[in-house]
Amino acid sequence: MAVLLEAQNVSMHFGGLKAVDEVDFVVEEHAIAGLIGPNGAGKTTFFNMITGLHKPTYGRIIFDGHDLVGKRPNRVTAMGIARTFQTIRLFNNMSSLENVLVGMNTRLRSTWYGALLRTPGVMAEERRAYRQAMAMLEYVGIAEYAHEFAKNLPYGLQRRLEIARALATEPKLLLLDEPTAGMNPQETHETTRFIRKLRDERGLTILLIEHDMRVVMGISDRVTVLDYGRKISEGTPEEVQKDPRVIEAYLGRRAVEAFTQ
């Protein structure tokens with residue numbers, strides 16, 4: 001398959017701390033790729049560099065043939081990358097529908113001047129946006145909560161709403177930062193099925209950070225492991241699970257010795 005995202009020798013230094021250190025990374029089009037590692041391994045920092053929140057200290061990040069380094073977050077979104085966050089970041093005092101409409105902002109063409117005058121073109125676009133936002137809420141299974149404040153939704157539905165808002169930007173690549181964090185087993189199972197559905201039905205490429213190994217190993221086509229900012233392993237889920245370096249990073253050297261005896 002064609003490569004959609006490629007990181008070349010990417011590093012991010014905060015003073016003397018090397019949060020990400022010379023990482024090479026590839027995500028193929030229409031794949032589900034997992035990015036794992038212990039706490040503090042540099043996973044979220046890597047997401048932040050992809051989405052323009054951090055500019056790498058050095059290295060290149062190529063998306064769909066274009067260099068992302070130096071691009072502002074709104075420009076990265078317009079290019080076709082959307083994300084969710086480890087800690088849910090919704091507009092709590094806005095409705096579910098309004099949250100999705102915010103996500104559609106990069107795809108709307110109306111100017112502030114047209115919005116002020118309420119021209120026929122602006123009003124027609126608003127009606128289309130409303131229909132599309134409602135369809136997105138229906139797709140993620142929360143249309144009945146369209147006019148409910150985001151803060152009033154149960155935790156699992158807030159996760160769905162955050163994904164709906166990301167989908168509203170019409171991405172090619174969806175970054176999911178711990179999408180099952182805080183969920184019970186049933187919610188985790190449903191979310192895992194939904195992530196696979198996004199790839200299979202909508203043709204999305206998905207890169208996810210996930211601490212639940214059953215999720216990431218069960219859904220990913222390929223898994224990359226970071227530890228102290230460096231890539232220590234990469235391959236199929238089966239290959240990564242057997243890598244002594246991965247076992248050591250998560251469980252310590254004694255676990256490696258026990259595993260290899």
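A salt bridge is a side-chain nitrogen of Lys or Arg within 4 Å of a carboxyl oxygen of Asp or Glu. The model shown is predicted: local features need pLDDT of at least 70, side-chain atom pairs count only at pLDDT 80 or more, and totals for chains, interfaces and linings use all residues. Residues are numbered from 1 along each chain as its sequence is written, and side-chain values use heavy atoms, with hydrogens and water left out.

View 1. The protein is divided into domain 1 (1-80 + 171-261) and domain 2 (93-168), with bounds from an automatic or database domain assignment. Their C-alpha centres lie 28 Å apart. In contact (heavy atoms within 4.5 Å) are 21 residues of domain 1 and 12 residues of domain 2. The area buried between the domains is about 1300 Å², of which carbon and sulfur atoms give 61%; buried area is the accessible area (1.4 Å probe) that two parts lose on being put together, summed over both. In domain 1, Pro-171, Phe-194 and Arg-202 lose the most area to domain 2, together 35% of what that side buries.

**View 2. Polar pairs and elements at the domain contact.** Between domain 1 and domain 2 there are zero salt bridges. Two residue pairs there are in polar contact, both at pLDDT 80 or more. A polar contact is a pair of N or O atoms within 3.5 Å; within protein, one must be able to donate a hydrogen and the other to accept it, and residues adjacent in sequence count only if both atoms are side-chain atoms. On the side of domain 1 that touches domain 2, helix 7 gives the most, with seven residues. Helices (H or I, at least four residues) and strands (E, at least two) are DSSP runs, numbered from the N terminus.

**View 3. The largest nonpolar core.** A nonpolar core is a set of buried Ala, Val, Leu, Ile, Met, Phe, Trp, Tyr and Cys residues joined through side-chain atoms within 4.5 Å. Buried means under 20% relative accessible area, exposed over 50%, partly exposed in between (1.4 Å probe, protein chains only). The largest core has 33 residues; Leu-167 and Leu-174 are among those with the most contacts inside it. Helix 5 gives the most to this core, with six residues.

**View 4. Thr-180 and its neighbours.** Thr-180 is found in the loop between strand 7 and helix 7. Its side chain makes a polar contact with the side chain of Glu-210 (3.0 Å).
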